[in-house]
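These are my notebook entries on a single chain. I set down what I looked up, in the order in which I looked it up.

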Amino acid sequence: MGRLSRRAFAVAALAALTPASSAAAVPRHPRAATEMRGMWLATVANRDWPSRAGLSPSQQRAELVAHLDTAVRNRLNTVIFQVRPTADALWPSPYEPWSQYLTGTQGKDPGWDPLGSAVAEAHARGLELHAWFNPFRIANHTDPKRLAAAHPARKHPDWVVTYGGKLYYNPGLPEVRAFVQEAMLDAVRKYPVDAVHFDDYFYPYPVAGQTFDDAGAFDLYGGGFANRADWRRDNINRLVGEMAARIKSIRPGTQFGISPFGVWRNAGTDPLGSDTRAGVQTYDDLYADTRRWVRENWIDYICPQLYWNIGLAAADYAKILPWWASAVRGSGTRLYVGEALYKAGDPAQPAAWQNAAELSRHLTLAKNHPEARGHVFFAAKDAATDRIGALARVVADHYGQPTRPPR
């Protein structure tokens, strides 16, 4: 995200990049009865907040409040706050250490409760606060000795897989899935969060020439499966299904949402897939059967990261959005659309992203698909700077009045 770019993100997964045509004028639309207008607030590697590790509690709090105020100013209604970026915590957790992104030292008490404050301050402003957790990522390095001395990954080295220069918990171990659920649900028990949110990280993104070494776990637990891929998908299905049930039992009003990479499968792989040529498919590469979660109503909302411009050859926003609308149609799962605000005005991006109207065109297109119940923008730092006024254009064209998120 940012320097640890959130899907270097989507771009690295595509087979090709092509610029889109210039934007057309965008009409104004009447106020929606309810509509998701969200913003991700990333903490991993200090992407959005805090701006650097080691700020005082008052400085951290002031920066956090400023991000919430940015959301209000842009007539957004939801902030998705990353509270467990790397098997750590932004609240006093009995399971995992304080995040290093607060103080610079993992396990060091920052002197205040960021999640508790974020919930209170968001609600005071009429915002929903969705708590964003990363289930299996332990560290963006490979040295367990750099983790806090009491870190569960150091106590249970058999839970850990090194892959692609990072450390991960092994999703194939039942004890790992049980532990990460307890660690995340601690926040649900303690705080009136409006939702639990996962992003696109389940099994890690493929790294050429490397193997995620879960052979031992497969030998122990994979006997009922034809192959390791099916077993891996079952592990993630179990995590999602169990979390959904446990969230509702602990705090019935709390939603469960997931924001996966935007391509389930390409049509060239599966006739049920989208008209895309993405180099990553969540079903095959991340072992995340996102379409099944929607169709079987395991989650309250899905927010695929459709981080591509209209007209992009490998993944055209105008083609992938209707596919997702069709995927949720008739289900009980709401569709929100993840939008790449971070690309707007970035000189490294195709020509379409140099046009301040590109994101507004996305929202105009989504009006033709009633299944699309709103949009979420990545991410908070970009909302604050709004490099070329792309978010301001969205607000002017589409967000004339405040509105509530769907329920």
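**Entry 1: overall fold**

How many helices and strands does the secondary structure of the chain come to? I count 14 helices and 11 strands in this predicted model. I then looked up the radius of gyration, which is 20 Å; the globule rule gives 22 Å for 407 residues, so the chain is as compact as a globular protein of that length. The C-alpha trace spans about 60 × 50 × 40 Å along its principal axes.

I also looked up how far apart in sequence the contacting residues lie. Of the contacts between residues at least 6 apart in sequence, 75% join residues at least 24 apart.

**Entry 2: surface and charge**

I noted an accessible surface of about 14700 Å² for the chain, with 50% of it belonging to carbon and sulfur atoms. The charged side chains number 47 positive and 39 negative. I looked up the centres of these two sets and found them 4 Å apart.

**Entry 3: the interior**

What share of the 407 residues is buried? The figure is 59%. In soluble globular proteins, nonpolar side chains tend to be buried together.

I took F81 as an example and set aside its neighbours within four places in sequence. Its contacts include L41, T43, W49 and L64, and also P114, L115 and A118.

**Entry 4: helix α14**

Which residues of helix α14 are buried? In this helix, residues 390–398, I recorded A390, L391, V394, V395, D397 and H398 as buried. An α-helix has 3.6 residues a turn, so residues three or four places apart point the same way. The buried residues of α14 pack against strands β1 (36–41) and β11 (372–377), and against helices α12 (358–366) and α13 (380–385).

**Entry 5: backbone details**

I looked up the cis peptide bonds next. The bond from W49 to P50 is cis, with omega near -20 degrees, and P50 is found in the loop between β1 and α2 (57–73). The bond from F378 to A379 is also cis, with omega near 5 degrees; A379 is found in the loop between β11 and α13.

I then looked up positive phi values in residues other than glycine. A45 has phi near 55 degrees and lies in the loop between β1 and α2. Is A45 buried or exposed? Its relative accessibility is 10%, under the 20% limit, so A45 counts as buried. N297 has phi near 60 degrees and lies in the loop between α10 (290–295) and β9 (301–302). At 43% relative accessibility, N297 counts as partly exposed.

**Entry 6: F225**

Last, I looked up F225, which is found in the loop between α7 (215–221) and α8 (228–250). Its relative accessible area is 28%, so F225 is partly exposed. Not counting residues up to four places away in sequence, F225 touches D230, W231 and D234. I also noted the separation of F225 and I388: 163 residues in sequence and 51 Å in space, C-alpha to C-alpha.

Definitions and conventions: Residues are numbered from 1 along each chain as its sequence is written. This is a predicted model: local features need pLDDT of at least 70, side-chain atom pairs count only at pLDDT 80 or more; totals for chains, interfaces and linings use all residues. Side-chain values use heavy atoms; hydrogens and water are left out. Helices (H or I, at least four residues) and strands (E, at least two) are DSSP runs, numbered from the N terminus. The radius of gyration is taken over C-alpha atoms; the globule rule is 2.2 Å times the number of residues to the power 0.38. Buried means under 20% relative accessible area, exposed over 50%, partly exposed in between (1.4 Å probe, protein chains only). Contact means heavy atoms within 4.5 Å. Accessible areas come from the Shrake-Rupley method with a 1.4 Å probe; for residues, only the protein chains shown count as cover. Lys and Arg count as positive and Asp and Glu as negative; His and the chain ends are not counted. The place of a charge is taken as NZ of Lys, CZ of Arg, CG of Asp or CD of Glu.
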